[in-house]
Amino acid sequence: MKLVDSYKEAFTRYVDFSGVTDRAGYWFFVLANFIVAIVIGIIAGIIGFTPLSYLYSLAVLVPSIAITCRRLRDAGYNPLLILLCLTGIGSIVVLVFTCMPTKNA
């Protein structure tokens with residue numbers, strides 16, 4: 001799956017918490033999201049409009065949660081484990097779980 005396709009898929013399936021997302025699709029989305037956030041941060045710094053970065057973060061919040069839930073399901077874990085991100089150490093646990101290979105049903 002390509003970088004742009006993964007990014008677009010995350011935004012087109014942003015309300016789909018029940019499907020699955022493979023490891024490559026998830027990490028391509030994370031990489032694309034990181035690149036876009038850096039570019040928006042640079043642009044916001046140049047034009048002096050820092051709320052632009054906050055608006056982007058808000059816009060990508062639900063798609064990020066949805067794709068992480070789908071990735072956790074694909075790795076064989078309960079998607080509610082994303083609630084561990086509310087704690088400090090839980091974010092590391094979710095990171096490790098998203099790195100796990102796909103479980104065959």
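Reader: Against which helices do the buried residues of α3 pack?

Author: This is a predicted model, in which local features need pLDDT of at least 70 and side-chain atom pairs count only at pLDDT 80 or more, while totals for chains, interfaces and linings use all residues. Residues are numbered from 1 along each chain as its sequence is written, and side-chain values use heavy atoms, with hydrogens and water left out. Helices are DSSP runs of H or I with at least four residues, numbered from the N terminus; buried means under 20% relative accessible area, exposed over 50% and partly exposed in between, with a 1.4 Å probe and protein chains only. With contact taken as heavy atoms within 4.5 Å, the buried residues of α3 pack against α1 (3-12), α2 (23-47) and α4 (88-99).

Reader: Is Asp74 buried or exposed?

Author: Asp74 forms a salt bridge with Arg71, the closest N and O atoms being 2.6 Å apart; such a bridge requires a side-chain nitrogen of Lys or Arg within 4 Å of a carboxyl oxygen of Asp or Glu. Both residues lie in α3, 3 residues apart, about one turn of the helix. Arg71 has a relative accessible area of 0%. Because its own relative accessible area is 10%, Asp74 is buried.

Reader: Which helix gives the most to the nonpolar patch?

Author: The patch is about 1,100 Å², and its residues include Val39, Phe49 and Leu55. Patches are made of residues with over 30% relative accessible area and no salt bridge, joining like charges within 9 Å and nonpolar side chains (Val, Leu, Ile, Met, Phe, Trp, Tyr) within 5 Å; areas come from the Shrake-Rupley method with a 1.4 Å probe, and for residues only the protein chains shown count as cover. Val39, in α2, counts as partly exposed because its relative accessibility is 41%. With 9 residues, the most is given by α2.

Conventions:
Helices (H or I, at least four residues) and strands (E, at least two) are DSSP runs, numbered from the N terminus.
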